[in-house]
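Here's a quick briefing to read with the structure open beside you. We'll go through a surface patch, a core and some charged pairs.

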Amino acid sequence: MKKIFYVILLVAIGFAACRKTPTYDDLSSDFIVSTNLDKTASFSSYKTYYIADTVVNLGGTGADTLLTDANAVKLVASVKNNMSSRGYSLVARNAKPDLVQRMGVVKTVNVEVYYPGWWGAYGGWYPFGGGYYPYYYPWTTVYTYNTGTVILDTYDVKNAKANGQYKVIWNISSFGALGSDIGANLNRGITSINQGFAQSPYLKAN
């Protein structure tokens, strides 16, 4: 019986080892999406919400600004579409909404230095004719890449007076690499918002 078990185990390992590596085109370039919720919140008790048509550019360098261009409007529109599909009604800010949403984005430029040190397996030393000379890297490569983060916070305004605070009851945080195509980056942001709603089925007014 043990022999049969070991044969099955070896076959299983063999199949796992033979699994093909996905091609580059099959790898997803979408943002990673995380959602958080206040488990004490009753999402169906809220009926109205407000969100501004601007997006906060958090920047990360002390130069925070408000984005008001067409791309910002498209990002906010994706939130409105999702909220409407969940039964929530958009109202004006002074109409005492039950919820207030705020969207922010962060763009970060990452700088990395690559040292071609695969000879490091020799401990940084390489023998020539019995002597040892210190190995050094003749060049380095510096490369940069941009990453983006989209944040959507949802505040409970309806119960703020009773709670004594504006509690964030739901949040989307998405993160990923940015390319040079602004339209493609915008689509990644919108897709991440849609994904945040998709993985939050509890967020509905009815």
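Helices and strands here are DSSP runs, numbered from the N terminus. Keep in mind that this is a predicted model. With that numbering in hand, strand 6 turns out to give the most to a nonpolar patch, with 3 residues.

**The patch on the outside**

- The nonpolar patch sits on the surface and is made of Val109, Val111, Val113 and Val142.
- Together, these four valines have about 360 Å² of accessible area.
- Take a look at valine 113, which is found in strand 6.

**The core on the inside**

- In soluble globular proteins, nonpolar side chains tend to be buried together.
- In this model, the largest nonpolar core has 28 residues.
- The residues with the most contacts inside that core are Val79, Met83, Tyr88, Leu152, Trp170 and Phe197.
- Several elements give two or more residues to the core: strand 2 (48–51), helix 2 (70–85), strand 6 (99–114), strand 9 (141–156), strand 10 (167–178) and helix 4 (182–198).
- Helix 2 supplies the largest share of the core, 5 residues.
- Want to see who leucine 152 touches? Setting aside neighbours within four places in sequence, leucine 152 is in contact with Ile51, Val79, Gln101, Arg102, Met103, Trp170, Asn171, Ile172 and Phe197.

**The charged pairs**

- Side chains of opposite charge can pair when their charged atoms come close.
- How many salt bridges does the structure hold? There are 2.
- In one of them, the side chains of aspartate 38 and lysine 167 meet at 2.9 Å, N to O.
- Aspartate 38 lies in the loop between strand 1 (32–37) and strand 2, while lysine 167 is in strand 10, so this pair ties together parts that are 129 residues apart in sequence.
- Is aspartate 38 buried or exposed? Aspartate 38 counts as buried, because its relative accessibility is 14% and the cut-off for buried is under 20%.
- Lysine 167, at 25% relative accessible area, is partly exposed.
- Another salt bridge brings together the side chains of lysine 80 and aspartate 53, at 2.7 Å, N to O.
- This pair also links distant parts of the chain: lysine 80 is in helix 2 and aspartate 53 is in the loop between strand 2 and strand 3 (55–57), 27 residues apart.
- Lysine 80 is partly exposed, with 23% relative accessible area, and aspartate 53 is partly exposed too, at 41%.

Notes
Residues numbered from 1 in each chain as written. Predicted model: local features only at pLDDT ≥ 70, side-chain atom pairs only at ≥ 80, totals over all residues. Heavy atoms only, no water. Core = buried A, V, L, I, M, F, W, Y, C linked by side-chain atoms within 4.5 Å. Buried < 20%, exposed > 50% of the residue type's maximum accessible area, 1.4 Å probe, protein only. Helix = DSSP H or I, 4+ residues; strand = E, 2+ residues; numbered from the N terminus. Contact = heavy atoms within 4.5 Å. Patch = residues over 30% accessible without salt bridge, like charges linked within 9 Å, V, L, I, M, F, W, Y side chains within 5 Å. Areas by Shrake-Rupley, 256 points an atom, 1.4 Å probe, with all protein chains shown as cover.
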